[in-house]
Amino acid sequence: MRIGELARATGTTARALRHYEQAGLISSERAPNGYRVYDERTVVRVRNIRHLLAVGLNLDDVRVFLPCLDRDVAAAPPSDTGLRVALERLAVLNQRIAAQTEVRDRLEAALRRATGV
């Protein structure tokens, strides 16, 4: 299947697919005309990548899941490694949220002082 077909089948863009390929998460062959050609099984892999990204992981995190990306990641019991990666990502997100909350609170306080509200 060509890149446009894969994009439609997975609800993503050709640009995202090229990015996943550059990150080593999917692969393609080249047709004689130079077009990328993907195996039908890549649909499952891309859907799994998108699922993992949607729950908050990044592409580096997703790379840990390479051995199981061709199966139903969402329905499978979590591995110890998968849980470790998810917990580490959650800790990073919580740190970012705390930092942003602190900045917001400082800005809000400064605005209150400046406006008397």
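The second largest pocket holds about 190 Å³ of space. A pocket here is an open set of points on a 1 Å grid over the protein atoms alone, where a 1.4 Å probe fits, with protein on both sides within 12 Å along at least five of seven lines. Grid points are joined across faces, edges and corners, and a volume is the space filled by probe spheres set on the points. The model is predicted: local features need pLDDT of at least 70, side-chain atom pairs count only at pLDDT 80 or more, and totals for chains, interfaces and linings use all residues. Residues are numbered from 1 along each chain as its sequence is written, and side-chain values use heavy atoms, with hydrogens and water left out.

Lining residues have an atom within 4 Å of a point. For the second largest pocket they are Leu 25, Ile 26, Ser 27, Ser 28, Glu 29, Val 37, Tyr 38, Asp 39, Arg 41, Thr 42, Arg 45 and Asp 70. Four are nonpolar, three polar and five charged. Ala, Val, Leu, Ile, Met, Phe, Trp, Tyr, Cys and Pro count as nonpolar, Asp, Glu, Lys and Arg as charged, and the others, Gly among them, as polar.

The largest pocket contains about 340 Å³ of space. Its lining comprises 17 residues, of which Phe 65, Val 73, Pro 77, Pro 78 and Ser 79 are closest to the centre. The lining divides into 13 nonpolar, three polar and one charged. Helices H3 (42-54) and H5 (80-115) each supply at least two lining residues. H5 gives the largest share, three residues. Helices are DSSP runs (H or I, at least four residues), numbered from the N terminus.

Helix packing was examined next. The axes of H1 (residues 3-10) and H2 (residues 14-22) come within 9 Å and cross at roughly 100°. Axes are lines fitted to C-alpha atoms, for helices over the stretch in contact, and angles run from 0 to 180 degrees between N-to-C directions. H1 and H2 are therefore roughly perpendicular (65 to 115 degrees). Ile 3, Leu 6 and Ala 7 of H1 contact (heavy atoms within 4.5 Å) Ala 14, Leu 17 and Arg 18 of H2. This contact has five nonpolar, no polar and one charged residues.

H1 and H3 pack at about 55°, with axes 10 Å apart. Leu 6, Ala 9 and Thr 10 of H1 meet Thr 42, Val 43, Val 46, Arg 47 and Arg 50 of H3.

Conventions: Angles under 35 degrees count as roughly parallel, over 145 as roughly antiparallel, 65 to 115 as roughly perpendicular and the rest as oblique.
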